[in-house]
Amino acid sequence: MNEEYQRETKRLANRNIIMTIHVIVFFVGIIIMYYSMLYNADRKNIIHEGELTAKDAADQVDKYLSTNIDSVKLAAYTLDEMLEERRTDEEIQDFLVGQSTAIRSAVLENSTGLYGYINGRFFSGTGWEPPEGYDATARPWYTRAMEGAGELTILDPYIDVQTGNTMLALGKTLKDDVSVISVDVSLDQIQKLTEDAVTSGNSDIEMILNDESVVVAHSDTGEIGKNYGNEKDTVGAILAEKLKDQDSSNFEFVYEGKHYIVYAEEIRNGWHCVSVKDATGVFRSLLLMLAATIAFVLATVLLVGVIMARSNRYLRMSARAVAANEAKSTFLSNMSHEIRTPINAVLGMNEMILRETQERNTRSYAENIRTAGRNLLSLVNDILDFSKIEAGKIEIIPVEYDLSSVINDLVNMTQARVDEKGLKLNLDIDEQIPKLLFGDEIRIKQVVTNILTNAVKYTEEGSVSLSITHERPEDDPDHILLSVFVRDTGIGIKEEDMQKLFTQFERIEQERNRNIEGAGLGMSITKTLLDMMGSTLEVDSVYGHGSIFGFTLLQEVVKWEPIGDYRKAYLAHVDGREKYKEKFAAPQARVLVVDDYAMNVVVFESLLKTTGVKIDSATNGDEGIDLSCQTKYDMIFLDHMMPGKDGIRTLHEMQAIEGCPNSDTPMICLTANAISGAREKYLAEGFDDYLTKPVSPEALEEMMIKYLPAEKVIRYREKESGQERLFDEQTGAMLEHLEKGMIDAEAGMKNSGSADSYLSLLKVFYESIDEKAKELQRFIEEKDYKNYTIKVHALKSSARIIGATDLGEKAMKLEEAGKEDNINYILSHHEGFLSEFVSFEELLSPLFEKGEAEDDRPVADEDLMEGVFSEIRSAAEEMDCDRLEGIFDEMEDYRIPESGKELYEKVKDEVGRFDYDAVLELLADER
């Protein structure tokens, strides 16, 4: 037994040793591979630096030599002409003197000037007189040039006898084949280049070699003039040999224990600019690092082996921690689902209360319940998404989707929140964006919804603007970069709070924003979803002025058909809304609505709630198919663009089911696709008809009257014309007066919804004319065209609402001119526009000046007001809203005196908000 135990122990020990060796070999292999990567990276960097240094020096040398070469060639050309014209020696001498002066100026006096052997005698442009016995034809500058047979020749460096400087001679024969023109060029400039390269650290050795391996310039002046081709066993000899044998412009070699890396750049005539880097220290450091790392790994592996032997306990604890974290995520997910069920039930029952009761206080309470319930549901949804993200259960699932439908859903959802807070929703949608894209429609909606909701939450006044644009990547013709940005005029974010923006369960400025709902997860979820889709959330905020949130997302284009003027279509829909009275009732009818976006179903139900029609709903095609197999419906509405099965596929599967009770049921397609040919497309797929989003109440009711069984439809009779007059005779006469002027009263009444509302709008417009006209004039005088543009923008909307179409169009043109900085257009049209605007004062004055002060109601005296405030105080203490409503109803028969009007209106406002503490606080001083 003991021997068997020892054998087993030995076997386990051997196994551990083998595993340890394998681990060591594995890590050492990785380290060596990493060392090779570092070695190659450092080598490439050195070569790159040498390349840059050599190329830069070569360019400067080439430029320097080119100036002198061009000078010699130009002088040779001129001298050839002079010889042909048989010019005198004095003329030739004068030309050489003048040209020498020009050359010295061009090359910063690094040349001694032109000289040569012409017409059988020696000439010097510098006035130099040669010593007795000087034979020009025996000099190298003459003999080498004659060997060149008309080509420009460059001599090896030599020491000038006059100046002691290292010089270079350039020469060229003339057309008579016996004359030579030459110039001496100083190498000081080139020498300085080589020295500067070493001084700056870009190179360790820098040199210029000619085609015969002679050193023209060198960072070590002692090397100048040497012929490396004649040397043996020196760095120069190796360089000369490598330059001749290597095809590559860079190479490396080891000499006397040093590792050199070389880059050579050819200049001209076989000359090279050579940069040499001593990489010995760099590679020695790498070797030392390799040895130290291997030693560290060996020690670490041994240490880890010891630690692992003692770590089982800690591993078990870690496993329990992981299990606890997974349990937490599962709990959050399950609880979120469980909580949503009763919330949906509460909201559903509350909706029934809103539909079935007209009692004022009950409706007010129900509205508050709906708001609180939606906020709670939003919190639960955020927690559910967060738990899914933590558990790694959220996936990006791209599908084909219609961008116009997405925008429509976003606007419908946001408009209600914006209206509740009295804000303005601005839309800037690029008309050329392709409408049919491929991406995760659901997650894109979620991200934009989070950003829009956040903007509305933190904006108390002003506006929220949604901008959607696109760009086409040059290197990817099948995709677009979809850019979505939301700008608000809210509170903004402090710079020090930016980091908190994406922290889970944390909100910025807790004290200031304590009344804003939310768990603080929205931006964290948004950032994570964008990361998963390959994008990032961009934030730009100025504290106290507002914020801009947005992202740019790569999306595949399915079809390049543009989305068109969405903003114009949407505004036409909004402007055309008016109070609508249902035309029918159908309490025996039942319809099915299949739409993946719950908000669309709520809107659908709201539009039909007074008709009594029973509505079933499904959030996807499969649910819709199941319901259609269980219940006979009178109509079925299918959303076209849905994830999974879209509306067309759902329709086809419904029609293919044998024994389905809805095989002959009218099928209506819900779609944002309102382009030409859409009707034919949907009819061809098997739909009976289609409705475009946003769904118009009139169109929906007309369609239901058309397709519902006639026996289930109860049509309402229209009231006799005399029973439903929108205006009395006096008001009608005044509106006729307006229509003779510049106002379309019928359009204005349609925009406002009723005669009373229209007259109220007209009065506000009338009373603001004088003030707005003065503002516009002041902005022109102060050249404040930015605020001028803002004012005409507001005036454009006001004019269109009251039916002053002409004035509205002129305001729009002025606004566009302001946005384009077209000041000339503004100045030339301002006076006429202002005159027309002011003329509305005269047009509207008959409507409001007469009888404005005529109020036959008696004025409530001081005693009555004191008793009213006392009654209000008592009712507020008891929180008796019915009694308060009765008090204010009775006071409608009296005019409130100026002395108590301000307090009365404040109290009335707080009662409307059910803020009884505020009412009591206002009335505290009235005791």
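How many disulfides does a search of the whole structure find? The search finds 0, where a disulfide is taken to be a pair of cysteine sulfur atoms within 2.5 Å. Buried here means under 20% relative accessible area, exposed means over 50%, and partly exposed lies in between, with a 1.4 Å probe and protein chains only.

Residues are numbered from 1 along each chain as its sequence is written, and side-chain values use heavy atoms, with hydrogens and water left out.

On confidence, pLDDT is the predictor's confidence in each residue, from 0 to 100; its mean over the protein chain is 76, and 73% of the residues reach 70 or more. Over residues 509-520 the pLDDT stays under 50, although the model has 28 contacts for them beyond four places in sequence, a contact being heavy atoms within 4.5 Å. Residues 850-854 also have pLDDT below 50, with 3 contacts in the model beyond near neighbours in sequence. Where pLDDT is low, the predicted coordinates should not be read in detail.

As for the chain overall, 41% of its 927 residues count as buried, and it holds 27 helices and 25 strands, which are DSSP runs numbered from the N terminus, with H or I over at least four residues for helices and E over at least two for strands. Of the contacts with a separation of 6 or more, 65% are between residues 24 or more positions apart.

Let me turn to the largest nonpolar core, which has 42 residues, and in which L403 and L482 touch the most other members. Such a core is a set of buried Ala, Val, Leu, Ile, Met, Phe, Trp, Tyr and Cys residues joined through side-chain atoms within 4.5 Å. Among the elements that each supply at least two residues are α9 (403-420), β16 (479-488) and β18 (546-562), while α10 gives the most, with 7 residues. L482 lies in strand β16 and is buried, at 2% relative accessible area. Beyond four places in sequence, the residues that L482 touches include L403, I433, L437 and Q555; L482 and Q555 are 73 residues apart in sequence, yet their C-alpha atoms are 6.7 Å apart in space. L403, for its part, is in contact with I433, P434, K435, L437, L482 and I563, leaving aside neighbours within four places.

Finally, D744 sits in the loop between α18 (729-740) and α19 (745-752), and is partly exposed, at 35%. D744 touches Y758, I802 and G803, not counting residues up to four places away in sequence.

How values were computed. This is a predicted model: local features need pLDDT of at least 70, side-chain atom pairs count only at pLDDT 80 or more; totals for chains, interfaces and linings use all residues.
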